[in-house]
Amino acid sequence: MSLLLDLALVAWLLALALYVTSARGDRDAIVAFIAFGLLLGLGWTRIAALDVALTEAAIGGGVTGMLLLRAEAHLRKRKPGGPSKGVVGKAVTAVACVMVTVGLMLVVLAFPSPAPTLAPAAAAALPATGLGNPVTAVLLAYRALDTLLEKVVLILALIGVWSLAPDGLWGGAPRLRPALVPEPLAYLAQMLPPFGVLIAVYMCWVGADAPGGTFQAGTVLAAMWLLVMLAGLSPEPETRGKALRLTLIAGPALFVAIGFLGFAMAGGFLSYPESIAKPLIVGIEAALTLSIAATLGLLVAGPAQMASGR
Amino acid sequence: MSVAALGPATLFGLCGAALAGIGLFVVITHSGLLRRIVGFNILGAGIFLVFGAVARRGAGAGFGGDPVPQALVITGIVVAFSATALAVALLQRLFDLTGRETLEAAQEHSPRSEA
Amino acid sequence: MSPLATEPAHVATPGGVLLVLAVMLPVVAVLLMLALGPRWTRRIALATLAIGLLVTIAILAELLRTGEALTYVVGGWQPPLGIALRADGTSVAMLAMTALVIAATGCFGYAQQQLDPATSHGRAPTSFWILLMAVWSALNAIFVGEDLFNLYVALELLTFAAVPLVCLDGRAETMAAALRYLMFALLGSLLYLLGTALIYGSFGTLDISLLSQASAEGPVFPVALALMIAGLLAKAALFPLHLWLPPAHAGAPASASAVLSALVIKAPFFLILRLVLDVAPPQSAAFAGQFLAVLGAASILFCSVMALRQARLKLMIAYSTVAQIGYLFIVFPLASGSETLPPWGTIAWTGGALQLISHALAKAAMFLAAGAIAEAYGHDRISDLGGFGRALPISAAAFGLAGLSLMGIPPSGGFVAKCLLLTAAVIGGHPWLAATILAGGLLAGSYVFRVVDRALATPAIPLAPRKPIPRRLELAALVLAVAAVLLGLVPLQPFAFLQIGRPDSLTAVAP
Amino acid sequence: MVAAVAEILTGVALFILAVTALGLFRVLRAEFAVERMMAVQLLGTGGAAAILLLGAASGTGAMSDVALLLVLFAAFSCSAFALGQASPNVDGSERPEDGA
Amino acid sequence: MAATEAFTLVFVGAGAVLFLAGTLGLLRFPDTLSRLHALSKADNLGLGLVVVGLLPQCESVTGALKLVCVWLLAQLSAATASQLIAGAVYRRKPGP
């Protein structure tokens, strides 16, 4: 039965992906992609990767979808039908892509058995971190440098997005709220965020020992913030605002600071003293959650579209 | 290999390979940049699934999967999202400036009337 | 199966802390700039430039003092679980080159912004400084990275810093160029990531030195390496994947172009070099080397001709970049080494490294000189620049000196590099590569002389600059060009500095 | 839990997924663009039900977290879509820098 | 033990039937609004039954609370999202 379920899931994922290639309009493709993201979240649970499933449902099915839908709405007045590849070109590409797929499949089937794994090493080192969730341990202890640099990547993407604003509007606020907010949206924006914030706090808290963590919590918070801004319940912040910028850097800054404190307290950069490793990591996660929420929300909101008030 | 011998790890690994192929197809054949961005995301999802298969195969020490590749995938998903955001912002700005949403027609299209 | 070594693969050295500083210092600067806002941005950037230069000098001194690679194990977590940073002689040379070019570009950017104080806290200048710092951090992380996934994150950091630099002036055509660059870079990143997934699936580690000891069987390893190299080629803009480069590098502001052309595309090349020579099994490496050399030779010939045909100065310099990158790729078959001689003991290795560094210095100098010219005249059409050498003697001199290096005329770093490569090609029995090197030099001579000829021309109506250009704006280019020439003082033999900390020299010490 | 019950719960999850898939492809072929967004709503509910069942079948409590996020983000994406759809005249006014 | 499992199976089975009913409605009903109605009503009731059925299987109070939370969220989102969609449909074509 399990195998049947997996097969059905895979078939469905592939069907949705194929729908994206053949859909006439971009919006249909994006809707299918959102459905694809949600379904992929389900798929990740089938290979025992709950942390990834949470992330995929939140980012793949949630904020990415929002980002693309907004872009589609923005581009809606375009000229219809760009130049597309001819039938021959498409056929050649299709053959090439099928070959790539078959090659990759052969490689996947040729993976060595027994599979090499770092699971025992990760488990052995887990007590030193005080954590219960090995994925969080990898993200915030063993490979903390990756996570730190990736936070910088997020912030940098935001700076890149902001730098695309017209000169006169730079430092102003992005614009999310439509001219007309439908009644149900305002209702949703009042009802959903309390749930969302609760879920985010729970995710962040539980992430040390169970699936969840700072990414998932941050994404949920970002979504709630976006919803509130969309419904016009809270104004879009000016990108030059001090408080906003401090929120953006708080997480990474704390991460770097504790990283350097490692020189004094423990063996070196990004190493935590064993006795207080867990509180330090949870603290970093809490700060990162806020920063990630702000960064993701602003990435979806896009560059400034309204001139700064000051 | 018989179907019965297919574990979920291999199955989703194969699914990842197929998704990567489909994503690549979208990226190459569509000229609309928004669709291409969606294609990049599908390609990315396929690659992450291959990583997921690797993680699942490495189950051990009481974990359902190797945590290291799982963590790498989470990092990768976030990076992919920031790439999407940057690409979308560039595309919107390009559209605002020229009314275009493709790269191919760069030469022959005239700028949109500024009225 | 798993290459888990009983003894740790990396032993942290005392100087390793400096590597952390090299990577993290610009990151701290980025965070500070974001927190404190536009008024502080430039001050923070200049302070970081100064401190970063000191850190680089300290790394250099430490390497020369100990004579072995600097290593740091982040957080004390040994690979394969954790991440290591390592800088051998070649890496340190890259770090030093990066610091020099970034500092010179920063000085140029500073001088340029002072020409127009009204906008110096505006969008473009502020973004420029933040992105410059991010580029620096990413490059340092790539040059000292030992972990393939860590390198992926660093590559993405580099991409996200470089793409907005391309379209900093906000014109529509630079938006299109930036988008095309982003598309190529994303495809490249994803291919690289796929390769990483396959490598982890078959070895259970992503650490380069652990991988180099792993025994490779089956099809997975070559496929993974091929995917990664293909992805990196798209980022390095080797022919025929170079289409995105000329509009992107020519459209960016001069200081951004200098960084993009001199440094950013060197990072993927450096990674290809490490993959082919440090990770790939010998047969795969030999095959990949042949293939890359063919593409490199095609790059040299095709793009040199394209450069010759450009009407605009910056486009010409951008095409010249693709051509000069080609030289780097013909190093692979020439530096294949032998039983007794590792690749880094060959003259081709030294030649390739010198070509990389001298091109970085010369190309940055050229773009900065072109920036000064564009600042003075408001355009960069080569045919309308007759006599610019009179008004901008320093820029003209910098352009000419940098040109010497590109052409490979003594005395210059480019001469030594191309001479070593030519010798290696002749000795190794690669007549076609030798011919390509010579032809590339001639073509480079033609396009450089086109500009120098304009500089020295005496038009009937003297060309008057639109506004006076302060000397300090031109100095940065001259400093870089002189540095490129001074590289020519390196003796014509395998350079010992570049071999410090390479694997085989380690085993020679401890058998 | 008895193995047979777990098997039945997995089967029900498969059934719900299959039924949802059927509905999904009907919705994606709908004539009105708005209606296609029902696909996401459909998947949120059906997917959450399937995940809860699978979680109960495998005894993994954390699965309900995934279901929670699935429902949450289905609602979120839905609102985003309906928004762009509800007021087609918004597009023009959404770009104040257009004339600049 | 057997009683709770029988309870679970009955409710879960009923939920599955409702999901089927919702989809059948989606396939058979002629216009958008009634399709929407069929879908949101049936699916939510189906999810509710599944949740009720699974409640006895929860090991902890938090687990049960999360299940209820899933259902509440689904209710909320279905109510608003289908109204949003319906509103959009209504504006699109005057008169159902």
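1. Chains B and E make no contact with each other, and their closest C-alpha atoms lie 20 Å apart. Here two residues count as in contact if their C-beta atoms, placed from the backbone, lie within 7 Å. Chains C and E do not touch either, with 33 Å between their nearest C-alpha atoms.

2. A word on what you are looking at: this is a predicted model, in which local features need pLDDT of at least 70 and side-chain atom pairs count only at pLDDT 80 or more, while totals for chains, interfaces and linings use all residues. Residues are numbered from 1 along each chain as its sequence is written, and chains are lettered from A and ligands numbered from 1 in the order in which they are written.

3. Which chains share the most contacts? Of the 7 pairs of chains in contact, that place goes to A and B. Their interface brings together 70 residues of chain B and 77 residues of chain A. On the chain B side, α1 (8-29), α2 (33-57) and α3 (67-98) are the elements giving two or more residues; helices (H or I, at least four residues) and strands (E, at least two) are DSSP runs, numbered from the N terminus. The largest share of that side, 22 residues, comes from α3(B). By class, the side of chain B has 42 nonpolar, 21 polar and 7 charged residues. For these classes, Ala, Val, Leu, Ile, Met, Phe, Trp, Tyr, Cys and Pro count as nonpolar, Asp, Glu, Lys and Arg as charged, and the others, Gly among them, as polar.

4. Chain E does have partners. In its contact with chain A, 6 residues of chain E meet 8 residues of chain A, and the chain A side consists of 8 nonpolar, no polar and no charged residues. With chain D, the pairing is between helices: α1 (residues 3-28) of chain D packs against α1 (residues 2-28) of chain E at about 10°, axes 9 Å apart. Axes are lines fitted to C-alpha atoms, for helices over the stretch in contact, and angles run from 0 to 180 degrees between N-to-C directions. The two helices are therefore roughly parallel (angles under 35 degrees count as roughly parallel, over 145 as roughly antiparallel, 65 to 115 as roughly perpendicular and the rest as oblique). Among the residues that meet are Phe15(D) and Arg26(D) in α1(D), and Glu5(E) and Phe19(E) in α1(E). This contact has 16 nonpolar, 4 polar and 2 charged residues.

5. Within chain A, helix α5 (residues 119-129) and helix α6 (residues 134-142) pack at about 70° with axes 10 Å apart, and are therefore roughly perpendicular to each other. Residues meeting there include Leu126(A) and Thr129(A) of α5(A), with Val138(A) and Tyr142(A) of α6(A). The contact divides into 9 nonpolar, 1 polar and no charged residues.

6. Some backbone details to check in the viewer. Ser113(A) and Pro114(A) are joined by a cis peptide bond, omega about 0°, and Pro114(A) sits in the loop between α4 (87-109) and α5 of chain A. Another cis bond runs from Pro410(C) to Pro411(C), with omega near -5°; Pro411(C) is in the loop between α17 (393-407) and α18 (413-427) of chain C. Ala48(A), although not a glycine, has a positive phi of about 60°.

7. Finally, chain C contains 21 helices and 2 strands. Its C-alpha trace spans about 75 × 55 × 40 Å along the principal axes.
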